[in-house]
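Good morning, colleagues. Please turn to the structure on the screen, and I shall then take you through a few of its features.

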Amino acid sequence: MSDDVTLYRGLDGVHIDTSSISSIDGLKGELIYRGYDITELADKASFEEVTYLLWNDDLPTAAELAAFKESLKPHFEVRSDVLDLFRTMPDDIHPMHALRTAASALAAFDAQADGVGDDNVRRIGLSLLAKFPTLTAAFERIRTGKGPISPDPDLSIAGNFLYMLTGEKPTEAATRTMDVALVLHAEHGSNASAFVARATASTLTDVYSAITAAMGCLKGPLHGGANTAVMEALERVGSVEGVEEDIMNTLNSKGGRVMGFGHRVYRVLDPRAVILKEVSHTLAEESGDSKWFDMSLEMVRIMDREMAKKGKEVKPNVDFFSASVYRMLGFPKDMYTPIFAVARISGWMAHLFEQYSDNRIMRPRLVYSGPTGKTFSPVEERS
Ligand code: SDX
């Protein structure tokens with residue numbers, strides 16, 4: 001490799017552009033969305049307010065929020081031939097395969113799918129923001145032998161999602177908990193899936209292609225698939241007493257990673273995990289069953305002890321406590337990543353607005369490490 005080349009594997013520490021959407025301070029454990037601290041937004045703002053903030057320059061006025069909510073209403077419904085796709089799929093496929101396929105299929109029925117002008121991109125963004133909950137709930141009901149429930153346009157995104165899953169209007173408390181989870185998962189800078197969305201859009205391809213690519217990226221267990229992996233670990237271990245051995249087995253295996261821990265940017269506790277830990281604790285107390293919360297605390301205790309021995313800062317990330325939260329909210333564990341996508345469509349679209357508005361195609365380099373100077377021989381002479 002020539003002297004003037006520096007490799008940044010995993011693009012670690014590489015800044016690809018400027019962005020005014022969010023900022024992460026990995027040393028302070030701080031996340032802000034357009035200047036507002038995530039802790040305050042999670043405590044006081046709805047997912048609709050936060051999405052308006054991410055898609056514009058500031059929080060909406062009451063009139064702007066009302067207009068934004070009104071603009072979503074015509075988009076909640078999903079046409080039956082797209083929902084029928086779920087009926088053609090085996091019941092046991094990974095939900096992200098189903099949702100990625102359905103999201104991509106929406107392009108086939110959008111005559112303006114390919115335009116990347118700001119107005120058209122925002123129109124598609126509204127449509128996907130409104131349809132992701134409908135698609136996710138419909139998939140779950142169809143695979144469990146129930147018919148999909150049409151959205152109630154008078155409910156919020158969080159409330160509608162819970163309603164379309166159960167057919168019952170959710171309580172204020174359940175809706176607020178769902179809202180907090182969506183706010184916390186909405187946006188996180190140039191994470192792998194947002195980067196993929198931006199890199200895909202940088203060729204000036206359409207929004208549906210960029211979002212489909214981002215969904216494929218989010219599914220991975222090192223990214224948005226980690227929440228499901230955390231619950232798989234909790235179920236595998238089954239008790240507080242079994243946690244230590246399981247973690248030690250993972251840490252002692254080559255390249256072993258304990259799901260739900262660690263982060264490329266945070267060197268201290270992810271501020272979203274701080275909030276989700278409180279939500280998990282509250283749900284545990286309200287349900288009278290603290291098993292998953294207690295096991296999560298034990299995982300943190302063992303990881304803190306073991307990482308301290310190694311001099312490493314490997315703390316719970318957003319996926320860690322969200323696993324026990326979603327479990328106690330009654331979601332099947334393979335639906336946790338789709339719920340992540342229901343929230344992250346908000347952040348992905350904010351990044352697409354930025355990318356399309358001031359674009360440069362992304363094209364990094366690779367240092368060639370293969371052979372050179374080889375001479376071609378006809379196939380019949382090759383042994
Ligand atoms: C999300 O980027 C984002 O912002 C993503 C996200 C978002 O909102 O979009 O925050 C959401 O994806 C959160 C991350 C979810 N993934 C997981 O929980 C999977 C488990 N975590 C790891 O695979 C890892 O921590 C990553 C993928 C999150 C980060 O990977 P890095 O930055 O490449 O870190 P690394 O794997 O090189 O680890 C650095 C060191 C290693 O020590 P060495 O082997 O180099 O000596 O820290 C250790 C690791 O051993 N380490 C872990 C660990 N994570 C890091 N050790 C045990 N278990 C872990 N989970």
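How many of the nine residues of helix α2 are buried? Eight of them are, so to speak, under cover: helix α2, residues 47-55, is mostly covered, with eight of its nine residues buried. Buried means under 20% relative accessible area, against over 50% for exposed and in between for partly exposed, with a 1.4 Å probe and protein chains only. Helices here are DSSP runs of H or I with at least four residues, numbered from the N terminus. Among the buried residues of α2 are Phe47, Glu48 and Trp55.

A word on the source. This is a predicted model, in which local features need pLDDT of at least 70 and side-chain atom pairs count only at pLDDT 80 or more, while totals for chains, interfaces and linings use all residues. Residues are numbered from 1 along each chain as its sequence is written, and side-chain values use heavy atoms, with hydrogens and water left out.

Arginine 344 is buried but has no salt bridge, a salt bridge being a side-chain nitrogen of Lys or Arg within 4 Å of a carboxyl oxygen of Asp or Glu. The nearest side chain of opposite charge is glutamate 187, 5.4 Å away; Lys and Arg count as positive, Asp and Glu as negative, and His and the chain ends are not counted. Beyond its neighbours within four places in sequence, arginine 344 has contacts, meaning heavy atoms within 4.5 Å, with residues including Glu187, His223 and Arg272. Thank you.

Notes:
Helix = DSSP H or I, 4+ residues; strand = E, 2+ residues; numbered from the N terminus.
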